[in-house]
Amino acid sequence: MSDATNFLSDGQDWTFELLTDYDRAIRQIAVDEFGLDCYPNQIEVIASEQMLDAYASVGLPISYHHWSFGKAFISHEQSYRRGAQGLAYEIVINSDPCIAYLMEENSLPMQALVIAHACYGHNSFFKGNYLFRQWTDADAIVDYMVFARNYVSECEERFGIEAVEATLDACHALQEFGVSRYHRPAPLSAADELLRQREREESARQRHDELWRTLPAATDVDDAVEPRVFPEEPEENILYFIEKHSPSLAPWQRELVRIVRKLAQYFYPQGQTKVMNEGWATFWHYTILNRLYDKRQVGDGFMLEVLTSHTNVVAQRGFDERGYGGINPYALGFAMFTDIRRICEAPTDEDREWFPTIAGSDWRETLDTAMRQYKDESFINQFLSPKLIRDFRLFAIGDDAGRPFLEVDSIHNEAGYRRVRRLLSTQYDRDGLLPDIEVLRFDRDRSRSLTLRHRQHRGKPLGGEGKKVLWHLQRLWGFDVKLETVDENGEVVSVASVGSGG
Amino acid sequence: MSVIIDRRLNERNKSAGNRARFMRRYKKQIRRAVSERIGERSIRDMATGGEVEIPAGDISEPRWRHGEGGEREIVLPGNREFESGDRLKRPQGQGGGGGSGDGGEGDGDEDNFTFALSRDEFMEIFFDDLELPHLLRTEAGDITEPAYERAGYTRDGAPVNLSVVRTMQQALGRRIALSGAARRRLAELERLQASDAVVDVESDAAVRDIAADAVEWVDADKSSFADVSADAADAEDTAESADADEADVAALDDATTNELEALRSRIARVPFLDEIDLRYRHRVQVPKPVSRAVMFCLMDVSASMDEHRKDLAKRFFTLLFLFLSRKYERVEIIFIRHTDDAEEVDEQTFFHDRKTGGTVVLSALTLMHEIMHERFPADSWNIYGAQASDGDAFGVDPERSRVFVEESLLPGLRHFAYIEVCERPERHRSTLSSAYARIDDERFAMREVNERRDIYPVFRELFSARPTRVPA
């Protein structure tokens, strides 16, 4: 009975004082006991309408105006009102300080769970994982968004909503192809960005000279110079190429391209680390809250509510069950981190054979390394154990359009473990999700046309709306745009093109 | 350390701008969806707003993705009976891409995008770019209706109008005014009395707290500042004179103690809330000009008008009513039904009661004319007429009706619409419509309606915005 005096609270309702108490208790465990390295936290309590707003602006606290965010808002609102979709308990933003939104409707145990999950789990992941460290600037993103929002609305005033919308539509269509995967982007800074944009505009204005227009057209260009191939190397970042080389964009349109590109860059790591990020956060809320319970700081009722919710989050349905929605990243990620800990603490013979380097090692160090140095693809390839393949009863199906049937490729048995693991890991690879398209040629000296190359991945054609994206690209480019599809041997399979007339 | 911020009071409607952009962009589709719904459902339901669907294909945001075909492997959980090498039938109607995690392809091209419109949005689209012909809103005649307006605060009123905030401001001001000086003096004396020179901060602090509170209150509304400070000055005078009286008595040693007593009881006597603190929200009646309209619904209910035709007529009348309600603050409706004889009835009777008899159109027109003259003088009412009939009229009736409409009714009307309801397109013109066809007046319009779905287009046609010509 004397233990009861340790409880931080009893009852369901939260107050700001209690949130502070819980945050302190959780911090003590997360940071002091388990050594998580976090950005400072900024915890914001919001109402459900505000949560819907936050959903619509892709989770950022502020974003520029665009109809597609309105569409997202309407569809979330609609399914929420109908009860088809609950709202997330929280949204957390990769920023420094790390901003987390908590819903006011949550009960106290839920708030504690969310604080542990978002403010210490996701937060430490954002701060530690190499992708986030290299590709995002947590301390600049919010400022940058303010800059972007102001810039877009300024453009709307100067050039009209329709014109801005058309440009943004085109950029959004190419968003995923606005990422440079192999070199780190320059750090973001709203102030620099504003300055740079002003300078560019000003220098363009100063260099403008009516005289140039009176020059007679060159006549002998064509025969004299052998046109050089440009760019020398194919460019994977299509939006970057457009921003730098499009022959027809106005300066403000280039800036819009840049804004969308920077945003795509910022979100790129999130798409690559879904399993790890959610798994990490889930593992930590589970571990931290259990520790809180072990220290008798919370009671049984509290823990039961937390566990109910936790169990729902990590439920994985079988492929043929009702409500199956793919592999649940929370379930897989949580299971993998828990499993790594198990391998460290209580390895079996099988684990020793599969994971000789980590079996029996210090679990905190191993987990920390895994979190810092991997992304979903490599994480699964490295750490998915036979035990988990059995637990999830994973199996792979081969689907070859050339054959009238599907074939079970491999299952959770001795012969299949490695293959299932490799196939699952490629499923999280960017190539598995997005077609491989890059800028091949810009005919600078003659037609100014742009040629892209789509390299087919195992014979997969481009999806149905490919042509529409090409229209958008053409709108940004202003001259003919061509998309060559080549098969794995480099043979051209088909060519689609959009001319400047259409 | 973590910072916890309460953002619940921040702006809630951040997405309104984006939503409005969406609506603007897809206006055409939304309007089409709205007019399709009118064919399906009762118009009264529509007036409450509701859900509309637009094809998802129209609003898709194209992206480059892998298409179907080629080779791929999909890893799935929950294997029960499969062994490697098993061959399965390819599931139909389901893309192979489903396994690629959350590829985001699942938006579904065939599904419609459904969303809710508020009543106002709905009506906005519903009646978009429709305009009332000859809208000279007759505000003339200075038609006024009493309306309540806020007019500050008063000292007396009904308890329901009590303004708590304002009352507490007054009470606070009064308390400071009446006890502030005494409190200060009290603090001073207590300080003196404490020989070890420990300053008694408490009471001083109490006074300061109260004063700080007061400043906040007063800041909230500068207008009351003058009141409070004037009151306070008054009170301070009285307090000081009291001090002076007491000072006479206080030359002795225990005078201080006495004074302390007196001060304490004086402070205690100041009530927390007094009757003079009470403030009530004041509302006054002011006459407001209103524009009002009356709509005459005329319908032939002779035997040839079956339920279907009545339904068509009703839909038309309802549309007209909704439309007028948007333009005028008050709209009255007069229902007149007729066979060979006309009578004014209520809505229920108008649409659902049966009556048998012949058809004399003129009777309804005459009755309308009478009612107009008795109750709705044209200088203070905007008068609209709508007539629905199957067009059967006999003998001299159609011709006399035409003359009556043209010469007696139209001069006093804003607009008169005649709707002929017939179940299938009839080859030849009905007797009434051929007579009406000769009316040449821009305030008169006639159309034929055969099906439910015609109603809205016909309505739009009648009222689509056009350059307004001022009636002669």
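In this predicted model, 83 residues of chain A are in contact with 56 residues of chain B. Helix H3 of chain A, residues 67-82, supplies the largest share of the side of chain A that touches chain B, with nine residues. Sorted by class, that side of chain A holds 38 nonpolar, 26 polar and 19 charged residues.

**Strand pairing between the chains**

- Within E4(B), Lys89(B) is the bridge partner of Phe405(A).

**A cis peptide bond in chain A**

- The peptide bond between Asp96(A) and Pro97(A) is cis, with omega at about 0 degrees.
- Pro97(A) sits in the loop between strand E2 (90-93) and strand E3 (98-103) of chain A.

**Positive phi at Arg296(A)**

- Arg296(A) is not a glycine, yet its phi is positive, at about 60 degrees.
- Arg296(A) lies in the loop between helix H12 (274-294) and helix H13 (300-313) of chain A.
- Arg296(A) counts as partly exposed because it has 13 C-beta neighbours inside 10 Å.

**Positive phi at Arg393(A)**

- Arg393(A), which is not a glycine, has a positive phi of about 50 degrees.
- The loop that holds Arg393(A) runs between helix H18 (386-392) and strand E4 (395-400) of chain A.
- There are 17 other C-beta atoms within 10 Å of Arg393(A), so this residue is partly exposed.

Technical notes. Residues numbered from 1 in each chain as written. Chains lettered and ligands numbered in written order. Predicted model: local features only at pLDDT ≥ 70, side-chain atom pairs only at ≥ 80, totals over all residues. Contact = placed C-beta atoms within 7 Å. Helix = DSSP H or I, 4+ residues; strand = E, 2+ residues; numbered from the N terminus. Nonpolar A, V, L, I, M, F, W, Y, C, P; charged D, E, K, R; others polar. Pairing = 2+ DSSP bridges. Buried ≥ 20, exposed ≤ 12 C-beta atoms within 10 Å, placed from the backbone.
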